[in-house]
Amino acid sequence: MKYVSTLISVVNMEISKRFYHDVLGLNVISDLGANVTLTGGFALQRMDTWRYFIENKDVNLHNNAVELVFEEKEMDKFLDHLKKFDIEYVHDIVEHSWGQRVIRFYDPDYHIIEVGEDMEMVVKRFKDSGMTEEQVAERMNVPLEYVQGYLNS
């Protein structure tokens with residue numbers, strides 16, 4: 001068995017392609033009209049085609065049940081970038097207990113998008129603040145080797 005991709009259904013393919021390109025910087029790898037593959041390893045499927053494939057079963061958008069997860073090395077820069085768009089947020093920026101800053105928002109079809117600070121950057125941010133490697137590991141609740149792996153990369 002080999003995992004291939006995640007596919008999400010969208011109402012308007014052009015709006016979705018523009019959103020994923022302009023907001024997240026993803027590019028179209030393959031455009032077959034009803035099915036579009038983006039960089040990052042996932043695909044968009046036009047809603048009418050998706051409904052046909054699932055034998056006209058109901059599709060419930062805006063269900064808050066799943067999310068697409070991305071990481072960003074330059075989180076502050078990305079947060080400034082988001083201000084250019086009319087986006088509905090699930091929540092504003094939060095810092096999780098392990099120190100990663102994360103923001104969640106909806107795409108045009110109400111799929112949740114999570115953009116979190118790249119974990120390497122979290123480690124380096126703590127280290128740059130004056131923490132020892134041991135203190136970073138304790139703060140993040142991870143093994144010391146995890147921290148050292150990022151610092152030595």
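**From a loop tyrosine to an open sheet**

Tyr 110 is found in the loop between strand S7 (101-106) and strand S8 (112-117); strands (E, at least two residues) and helices (H or I, at least four) are DSSP runs numbered from the N terminus. The model is predicted: local features need pLDDT of at least 70 and side-chain atom pairs count only at pLDDT 80 or more, while totals for chains, interfaces and linings use all residues. Residues are numbered from 1 along each chain as its sequence is written, and side-chain values use heavy atoms, with hydrogens and water left out.

Leaving aside residues up to four places away in sequence, Tyr 110 touches His 62 and Glu 88, where contact means heavy atoms within 4.5 Å. The side chains of Tyr 110 and Glu 88 are joined by a polar contact of 3.1 Å. Such a contact is a pair of N or O atoms within 3.5 Å; within protein, one must be able to donate a hydrogen and the other to accept it, and residues adjacent in sequence count only if both atoms are side-chain atoms.

Elsewhere, four strands form an open sheet of mixed pairing, in the order S1-S4-S3-S2. Its edge strands, S1 (6-10) and S2 (28-31), each pair on one side only; two strands pair if DSSP finds at least two bridges between them. Strands S3 (residues 35-38) and S4 (residues 42-46) run antiparallel and are joined by four bridges. Leu 38 stands opposite Phe 42 in S4.
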